Each structure stands twice: as C-alpha cells, then as structure tokens.
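This briefing sets out selected features of the structure shown below.

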Amino acid sequence: QVSLVESGGGLVQAVGSLRLSCAATGSIFSINLMGWYRQAPGKQRELVARITHSGTTTYSDSVKGRFTISRDNAKNTVYLQMNSLKLEDTAVYYCNLKTRNDYWGQGTQVTVSS
C-alpha cells in the first residue's frame with residue numbers, strides 16, 4: 001500500500017512563491033518517477049513537472065524557468081518550488097508516483113490572486 005501526502009498549497013499573490021511537498025510512504029520500488037500535475041476548473045489534468053530517481057527533470061513549457069522540481073530519495077519526498085506565480089497557475093496540484101503502478105495524492109489547492 002502506497003500513500004502520497006501533499007502539503008504547501010494555499011493562496012498567494014501574483015509574482016509570489018509557494019513550495020509544495022509530497023511524501024510517499026509504504027512499499028515503494030526504488031526506481032520510480034515522481035511528478036506534479038495540475039487541474040484547473042473546466043480543464044484536463046496536465047503535467048507540470050516530473051523527476052526521475054536519478055534526477056532527470058521534465059517541465060511543461062508553461063512553467064519552465066519559474067518552477068523547480070526536486071526530490072529527496074532518502075525521504076521519498078518530491079518538492080515543487082513555484083516562483084513568479086501567475087493567475088493561470090491557479091489549480092489543484094496533484095502529486096504522482098509511477099513505479100510498477102500509478103499512485104496519486106489527494107491534491108492541494110493553489111490559488112494565485114491579482
């Protein structure tokens with residue numbers, strides 16, 4: 001059984017910053033891919049960023065240069081540092097862990113205000 005617990009969401013003004021964290025617990029295969037997705041109202045869930053066990057990262061074009069994903073393998077935790085936030089970054093952010101299976105966190109709301 002694998003559980004993902006997210007934290008760090010909230011309300012922030014535009015151009016501000018937030019840091020999301022996601023801790024994975026349970027029986028986790030060491031070679032895995034962790035990432036963040038988001039879903040805004042009326043839109044499909046989309047990839048924000050992901051990182052391999054060895055640290056290779058991928059970002060969506062909309063967040064490149066503003067967001068940074070990182071992970072602590074010893075803690076099975078992934079982070080998303082979000083800087084220069086824009087109104088369009090408002091969404092529910094979901095943590096994802098891909099191993100032999102696909103696991104999702106419960107989601108954390110990020111709201112960017114003007």
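Lys-98 counts as partly exposed because its relative accessibility is 27%, a value between the limits of 20% for buried and 50% for exposed. The model is predicted. Lys-98 forms a salt bridge with Asp-102, and the closest N and O atoms of the two residues are 3.2 Å apart. Asp-102 is likewise assigned to the partly exposed class, because its relative accessibility is 41%.

**Salt bridges**

- The model contains five salt bridges.
- One of them joins Lys-64 to Asp-61, with 3.2 Å between the closest N and O atoms; both Lys-64 and Asp-61 are exposed.
- Arg-66 forms a salt bridge with Asp-89, and here the closest N and O atoms are 2.7 Å apart.
- The pair of Arg-66 and Asp-89 links distant parts of the chain, 23 residues apart. Arg-66 lies in the loop between strand 6 (57-59) and strand 7, whereas Asp-89 lies in the loop between strand 8 and strand 9 (91-98).
- Arg-66 and Asp-89 are both buried, in contrast to Lys-64 and Asp-61, which are exposed.
- Arg-66 and Asp-89 also belong to a network of salt bridges that includes Arg-38 and Glu-46.

- Four strands make up an open sheet with antiparallel pairing, and their order is 1-3-8-7.
- The edges of this sheet are strand 1 and strand 7 (67-72); each has a single partner strand, so one side of each is left without a neighbour in the sheet.
- From one strand to the next, the twist averages 15 degrees.
- Strand 1 pairs with strand 3 in the antiparallel sense, over six bridges. Within this part of the sheet, Ser-7 is positioned opposite Ser-21 of strand 3.
- Strand 3 (residues 18-26) pairs with strand 8 (residues 77-82), again in the antiparallel sense and over six bridges. Arg-19 has Gln-81 of strand 8 as its bridge partner.

**Glu-6, a buried acidic residue without a salt bridge**

- Although Glu-6 is buried, it has no salt bridge. The nearest side chain of opposite charge belongs to Arg-45 and is 7.8 Å away, so the pair falls outside the 4 Å limit for a salt bridge.
- Polar atoms of the Glu-6 side chain do lie by backbone nitrogens: the distance is 2.6 Å for the nitrogen of Cys-95 and 2.5 Å for that of Gly-107.
- Leaving aside residues up to four places away in sequence, Glu-6 touches Ser-21, Cys-22, Trp-36, Tyr-93, Tyr-94, Cys-95, Gly-105, Gln-106, Gly-107 and Thr-108.

Note on methods:
Residues are numbered from 1 along each chain as its sequence is written. This is a predicted model: local features need pLDDT of at least 70, side-chain atom pairs count only at pLDDT 80 or more; totals for chains, interfaces and linings use all residues. Side-chain values use heavy atoms; hydrogens and water are left out. Buried means under 20% relative accessible area, exposed over 50%, partly exposed in between (1.4 Å probe, protein chains only). Lys and Arg count as positive and Asp and Glu as negative; His and the chain ends are not counted. A polar contact is a pair of N or O atoms within 3.5 Å; within protein, one must be able to donate a hydrogen and the other to accept it, and residues adjacent in sequence count only if both atoms are side-chain atoms. Contact means heavy atoms within 4.5 Å. Two strands pair if DSSP finds at least two bridges between them. Helices (H or I, at least four residues) and strands (E, at least two) are DSSP runs, numbered from the N terminus. Axes are lines fitted to C-alpha atoms, for helices over the stretch in contact, and angles run from 0 to 180 degrees between N-to-C directions.
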